[in-house]
Amino acid sequence: MLPTVSKGRSPSNSRPNPMFPQYLRRIIKWQQMDIEYTFWQMLHLCTSPKVVYQHTKYHKQTKNQWARDDPAFVVICSLLLVVATSAYCAAYDHSSAHAVFVVISVLLFHFLITGIFLATCCWFLTNAYLREEAPNSHVVEQRVEWLYAFDVHCNSFFPMFVLLYVIHYFLSPLLVAHGFIPVLLSNLLFMVATSYYHYLNFLGYDVLPFLERTTFFLYPIGCVIILSPIFILSGFNPSRYIMNMYFSQFQ
């Protein structure tokens, strides 16, 4: 169970981040984005994610904020998601209008809206329950920035994107077939992707020195490991279920 909130530590008292309007304005200014560094981060999130969060510490020391001030990661991740979803539509859809609907809905609901919701939940939980008690009143109180919480989600989402949108695309003829092997492989793929998402979520908050009990973010991995055998034994195929949501040929 989470501990009760301490007095004077409600996240509602935090001031709006002045960097957020500037962050939004830079989304349409491609020439100001550090594309090379963004791809470096994406690569290392899949291979050595702790290195990425070590650089987050350097960013805090130089920019005095934990969150990125460069929206390149969000922009590139969105573009890659559009390309991947378009590939699914080219392979499995027969209507251009429906394909546009699928691309927009996946971008909005799979990434942006879900990310905003999860980031807001984590931002609230960390600020309300997981911050260390200040040893005295002279210590500057630190809070998790909402934009940093969204950064953590984006970092955690990218390796999951590689597994569940890219690798899944090439394996989809096998994964959506009937039989035990497709059910087994599909559940294993989703288990690894979801577990890795929550592991990266943990790393993102564990790097913040003013948070404690961040192992809370590892608890969902236990739920995933418990539920996966149940889904396998019941014959539930997550790949086929999701493809059914968007493409009529699987219905």
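Author: Ser-228 touches Asn-187 and Met-191, when residues up to four places away in sequence are not counted; contact here means heavy atoms within 4.5 Å. This is a predicted model, in which local features need pLDDT of at least 70 and side-chain atom pairs count only at pLDDT 80 or more, while totals for chains, interfaces and linings use all residues. Residues are numbered from 1 along each chain as its sequence is written, and side-chain values use heavy atoms, with hydrogens and water left out.

Ser-228 belongs to helix H8. Helices (H or I, at least four residues) and strands (E, at least two) are DSSP runs, numbered from the N terminus. Ser-228 counts as buried because its relative accessibility is 6%; buried means under 20% relative accessible area, exposed over 50%, and partly exposed in between, with a 1.4 Å probe and protein chains only. The side chain of Ser-228 also reaches the backbone oxygen of Val-224, at 2.8 Å. Such a polar contact is a pair of N or O atoms within 3.5 Å; within protein, one must be able to donate a hydrogen and the other to accept it, and residues adjacent in sequence count only if both atoms are side-chain atoms.

The loop between helix H7 (180-206) and helix H8 (219-234) holds Thr-215. Thr-215 counts as partly exposed because its relative accessibility is 41%.

Most residues other than glycine have a negative phi. The side chain of Arg-213 meets that of Glu-212 in a salt bridge, at 2.6 Å from N to O; a salt bridge is a side-chain nitrogen of Lys or Arg within 4 Å of a carboxyl oxygen of Asp or Glu. Arg-213 counts as partly exposed because its relative accessibility is 38%, and Glu-212 counts as partly exposed because its value is 26%.

By this rule there are two salt bridges. Arg-68 forms one with Asp-151, the closest N and O atoms being 3.3 Å apart. This pair links distant parts of the chain, 83 residues apart: Arg-68 is in the loop between helix H3 (49-63) and helix H4 (72-92), and Asp-151 is in helix H6 (residues 146-175). Both Arg-68 and Asp-151 are buried.
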